[in-house]
Amino acid sequence: IEEVKQSALEAGERIIGTSEITLYALDADDNWLVRDRETPIGNFCADAFRCLLGTDIAMLNGGGIRSNLPAGDISYNSLLSVFPFNNTACTASITGQQLLDALEVSVMLLPETAGRFMQVSGIKFKVNAKVKSPVVLDESGMFSHIGNNSRRVSNVEILDKESQEYKPVDLSKTYSLGSVSYNITDLGSEGIFRYAKLLQDNLGQDAEILAAYLQQLGGVIGEEYSKTQGRIIINL
C-alpha cells in the first residue's frame, strides 16, 4: 500500500505546465467567487471542456471548482485541488429553449451565492437579478419548469464555430453541451440539465481535461485569462 501511495504522490507532483497569473475561485476572505459571477478560473475550466470535447458550449457548476490555481508551476495535484471530486466528462444535446431554462436555474438565487451557478464557455448572456426568478422546483427541490414570471436571463448568444462570432440562440436548434457527470448523469445542481439528452459518458476525469487543455495552450496559462470576458453580465 505504501508503495502505491508513494507512486501516486509522485505522479501527482509531476509538472503539467505553468501559469503567468493566479486564477481565483475564492477571494482573500475565503468567499466563493465562482458561485455568483463570471470568473477567469471558471472560463479556463469551461473552455477546457468545450475545446477538448468539441461541443458548442460547456457549463460547469461553480460549486465544483474548489480552489485557486496559483501562478507558477502547475502540478497534476494542483488541478486535482481545483476538481477534487473525480467527476468524469460528459456530452449531451440540449435545445435552445432547454438552454434558456437551464440558465434560469443557474442564476435563480442571485444575488446569493449558489453551487448551481454555472461557469460557461461558448455562450454569453445578461441577467437581471432584480427580477423574481421564474424557476419552479418540484417537491424534491429539483427543477420542474419555468413559471409565468418574467425571465431573468436575456440576450443569450452562442459562439458560432465557423465564424467564431456570437449569434443569437436559436430556440429550436439543438446544441451540444459539455459538462461533468455530476450535472448530466447524476442530475446534480438541482437537476439543471434534467431535460438534456446524454450523448457520451466517461470521456475522462475532469482534472485530465484541464491537463490536456493546458497542454493545448502550450503549457502556459497566459494573460488571456487575467480578466473576465463579458460572458455573464449581471444587473444586481
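**Close-up views of the predicted model**

**View A. R37 is partly exposed, with a relative accessible area of 36%.** Partly exposed lies between buried (under 20% relative accessible area) and exposed (over 50%), using a 1.4 Å probe and protein chains only. The model is predicted: local features need pLDDT of at least 70, side-chain atom pairs count only at pLDDT 80 or more, and totals for chains, interfaces and linings use all residues. Residues are numbered from 1 along each chain as its sequence is written, and side-chain values use heavy atoms, with hydrogens and water left out. R37 forms a salt bridge with D36. Their closest N and O atoms are 2.8 Å apart. D36 counts as buried, at 14% relative accessibility. A salt bridge here is a side-chain nitrogen of Lys or Arg within 4 Å of a carboxyl oxygen of Asp or Glu. The count by this rule is seven.

**View B. R116 and E190 form a salt bridge.** The closest N and O atoms of R116 and E190 are 3.0 Å apart. This pair links distant parts of the chain, 74 residues apart. R116 sits in the loop between helix 4 and strand 5 (118-121), E190 in helix 6 (residues 188-191). Helices (H or I, at least four residues) and strands (E, at least two) are DSSP runs, numbered from the N terminus. R116 counts as buried at 12% relative accessibility. E190 is partly exposed at 26%.

**View C. D138 and R194 form a salt bridge.** Their closest N and O atoms lie 3.4 Å apart. Again the pair links distant parts of the chain, here 56 residues apart. D138 is in the loop between strand 7 (135-137) and strand 8 (143-146). R194 is in the loop between helix 6 and strand 12 (197-200). Both ends are partly exposed: D138 at 30%, R194 at 33%.

**View D. Helix 4 (residues 96-106) is largely enclosed by the rest of the structure.** Nine of its eleven residues are buried. L99 is in contact (heavy atoms within 4.5 Å) with I57, M59, I94, I123, I158 and V169, leaving aside its neighbours within four places in sequence.

**View E. The largest nonpolar core has 34 residues.** Such a core is a set of buried Ala, Val, Leu, Ile, Met, Phe, Trp, Tyr and Cys residues joined through side-chain atoms within 4.5 Å. Those with the most contacts inside this core are M59, L99, L103, I123, F125, V156 and F193. Elements that each supply at least two residues include strand 2 (57-61), strand 4 (89-95), strand 6 (123-128) and strand 9 (153-159). Helix 4 gives the most, with five residues. A second, separate core of 32 residues includes C45, L69, Y213 and L214.

**View F. T55 is a buried loop residue.** T55 lies between helix 2 (40-53) and strand 2. Its relative accessibility is 4%. Beyond its neighbours within four places in sequence, T55 is in contact with F49, R50, T91, K161, S176, L177 and G178.

**View G. Three strands form an open sheet in the order 3-1-13, with mixed pairing.** Strand 3 (72-75) and strand 13 (220-221) stand at the edges. Each has a single partner strand, so one side of each is left without a neighbour in the sheet. Two strands pair if DSSP finds at least two bridges between them. Strand 1 (residues 15-19) and strand 3 pair in the antiparallel sense over four bridges. I15 stands opposite S75 in strand 3.
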